[in-house]
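Subject: Structure for you to look at

Dear colleague,

Here is the structure I promised to pass on, and below it are the points that I found when going through it. Please keep it open while you read.

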Amino acid sequence: MAVADVTIVSLDGVEKSFGAVRALGGVNFSVSRSECVGLVGHNGAGKSTLMHVLAGTAAPDKGRIVIAGVEQRQYSAARAKDLGVRCVFQELSLCPNLTVAENARVFHPALRGFNWRRKAGKLIVDKLDEIFPDHGIGASDLIQDLSIGRRQMVEVARAFTVSDRPADLVILDEPTSSLDAHTAGQLLAFVRRSVANGVSCIFISHILGEVLRNCDRIAVMRDGKVVVADRAEAFDRNKLIAAMGGVHQSEREVNSASVPTGRSQAPVRVRALPARQSEGVELIAHEGEVIGLAGLAGHGQTDLLLSIFSASTRRRVGVEVAAPVALVAGDRQSDGIFPQWSISENIGVRSLSKLRDGLLISRRREDDLANAWRDKIKIRTPDMHNNILSLSGGNQQKALFARALASDAAIVLMDDPMRGVDFGTKLEVYALIREEARAGRTFLWYTTETDELKNCDHVYVFRNGAIVADLARDEISEERVIQSSFAGAH
Amino acid sequence: MSALAPPAPRQSAGINWRRLARALLPALSLTLVLAAIAWLNPRAISYFGFTLMLNLAVPIALATIAQMFVIAGNDLDLSIGTFVGFVCCVTATWLKDAPLVGAAMLLGCIGVYAALGALIYLRNLPSIVVTLGMSFVWQGLAILLLPKPGGKAPDWLLAIMGVKPPFIPFPILAAVAIAAVSYFGLMRTSYGAILRGSGGNAIAIDRAGWSLLKAKAGLFALTGLFGVLSGMALVGITTSADANIGNGYTLLSIAGVILGGGEFVGGRVSPIGAVIGALTLALAASPLLTFMHIPPDWQVAANGAILVIVLAARVMISQKGRE
């Protein structure tokens, strides 16, 4: 390494699992004084978990954390702050009901006494002036009244303010995601100035151009490990993408206007224009097609699915739906299952009109429906009257699929439904989806797992709430999707 | 700062308007009720009239401030009414006959409140369940102390509540003092920001290294403190106690907080607004209805209807302001 300076943070063999999901599988990582390290990786590669470990908000299951040459055994968020480790989290950690100055006070216990409000306000506004000279934010503004971009500016500025404890290492997790190009540029310039003054930074971004231009060193994460770490000059866009996706491929510029080939001639079932799409591509789904929605998490895929779902019951501008719709929720615990109900009831709830006998629900028909789907989709339970929570996660998800497929819906929307589902179950569900598609159902499938896109007839890649690529079946590949997801950052 | 971005001036003007509207709404509803009273009975707008009409406003304002502290932490206290009743009973018996024992009991009550806050935080219990249970505990204890109405308020308390200051009626002075103290404590002190922040974004407060346990216990202890003050003030006015005397205060206090611009979640409360809300409710309760010649049999129902109208108006206006 060129800057063989003092190492201020190093992680050694850090592992962390959430239930059955292994988020970090033995990470080795270090940051030197006065260094800006870029951290890149695809969805779920473990970047955010790594940051939580560093910031002390998640305890690792295994491994060593060494800060300023001392191994940390009782590491916590408070300890991290004492040691000068600051973190700007992706989900904002400001109190919306407090003013800008009061949020600075929350961060600095030393700001107290008679005129703490003035001191806190001066501290944060001076830092905002330094980073974003034309920010237009006042110390007494309430956070809830600020736009999302300005909130992010406050959050970033707060991480760099210094009262009684130092700021030696500042971790920035997607700090530019809500900033426009102008303010993002101001922030990056400030990061470079701070690094020149001896502060270290970890910079996480999906915008590869920012990382390549501003970092001294880049670490690439994949499947919970740091797979490559080297000086920034050693990388270019293609090398980074290859390291993230694991396949070498020459750069093919994605042309979002390219006319897709080989679309089905069957009638159009869904036609939808994402809300933030200014012109051009709209999502089109024909009868019997499986349409994939790809791209980085949270770039508008779920929003589009939800607007298609609501368009099935009332008119919406820009969305046309020609058949009944069912939705398989992504977060099955909060949006999917009814935890107090039996498996049968959970399956039957989308088909109540079919199960009705007079005013009441016919128990017999509900059971018939549930048992038919148990056999078809292989839900592993001795009795469909058992509570839904008696099933494993994968089988709960199967019950949710059964709910959608048992209904009269000709269009099934799937919001990343395979999260945390085991491989065997996945294969069974893939086969079922193909079978149902052949029978004429249309599937719109948002997935964060690129492998699943191979089951799709057509894939739309989303970025910033808009469709940026429109891939026909023979064009679908992991590199292609990653390319499009990261395009626009040249 | 010299070169503002083009959209900035427009936006900040919008913010100021919104904040102003939010702050002035409670005062507006109080003005409306006062205007109605003045129109119905001009003689009520006098020193004597206000002293009479706002007779019960002081304990209601104190109970509302008590409720405001738990609401600031995203909780709700359904036991404040029976707690006020219990405090009344203690004040009219023990505090009069054996002041030291009585004072110790009241301090113990505040400790119980702090412990409830700690319990709710540590076991992650819903506060409405815990406080609903506690409401029966307080009620039971009150009945044990004073099976039938009676007791007598300590003389010093009667003297305080009976003060007749020149020019400005006592309840108005007391309301201003309550608003000033609670505003300063919650909105201006540096720890008050932490307390409110714990209702706004508890994770952020935790990540910044503050103890959420302390914050929750602190908010509940403040509720207990103001509940005790409310009960003492109530006995100072009524001179004797009754185990059921405070039962209506639970809902009145919640309505007062919301009327005063507070919200059930998000740590958004306003002490000044809460006191104004309590005054509005105290006036809208019996004086206004009596002047409207509504028979006493119908007053409770009419009071409820006024509450619904005023709260609905507030929600509608604040929704408009948000757009």
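In chain A, the centres of domain 1 and domain 2, taken over C-alpha atoms, are separated by 36 Å. Domain 1 covers 7-245 and domain 2 covers 268-485, with bounds that come from an automatic or database domain assignment. Please bear in mind that this is a predicted model, in which local features need pLDDT of at least 70 and side-chain atom pairs count only at pLDDT 80 or more, while totals for chains, interfaces and linings use all residues. Residues are numbered from 1 along each chain as its sequence is written, and chains are lettered from A and ligands numbered from 1 in the order in which they are written.

Strand E8 (residues 200-204) of chain A has five of its five residues buried, so it is largely enclosed by the rest of the structure. Here buried means that 20 or more other C-beta atoms, placed from the backbone, lie within 10 Å of the residue's own; helices (H or I, at least four residues) and strands (E, at least two) are DSSP runs numbered from the N terminus. On one side of E8(A) are A:Ser200, A:Ile202 and A:Ile204, and on the other A:Cys201 and A:Phe203. E8(A) pairs in the parallel sense with E3(A) over four bridges, where pairing requires that DSSP finds at least two bridges between the strands. A:Val37 stands opposite A:Ile202. Strand E7 (residues 169-173) of chain A also runs parallel to E8(A), joined by five bridges, and A:Val170 has A:Cys201 as its bridge partner.

In helix H8 (residues 237-245) of chain A, the buried residues are A:Leu240, A:Ile241, A:Ala243 and A:Met244. Seen down the axis of H8(A), they fall within an arc of 160°, so they line one face of the helix; the arc is that of the directions from the helix axis to the C-beta atoms. Among the elements they pack against are strand E3 (36-41) and helix H16 (478-485) of chain A, with contact taken as C-beta atoms, placed from the backbone, lying within 7 Å.

Elsewhere in chain A, three strands form an open antiparallel sheet in the order E12-E11-E14. Strand E12 (283-286) and strand E14 (319-321) stand at the edges, each with a single partner strand, so one side of each is left without a neighbour in the sheet. E11(A) and E14(A) pair over three bridges, and A:Val270 stands opposite A:Val321.

With best wishes

Methods
Buried ≥ 20, exposed ≤ 12 C-beta atoms within 10 Å, placed from the backbone. Contact = placed C-beta atoms within 7 Å.
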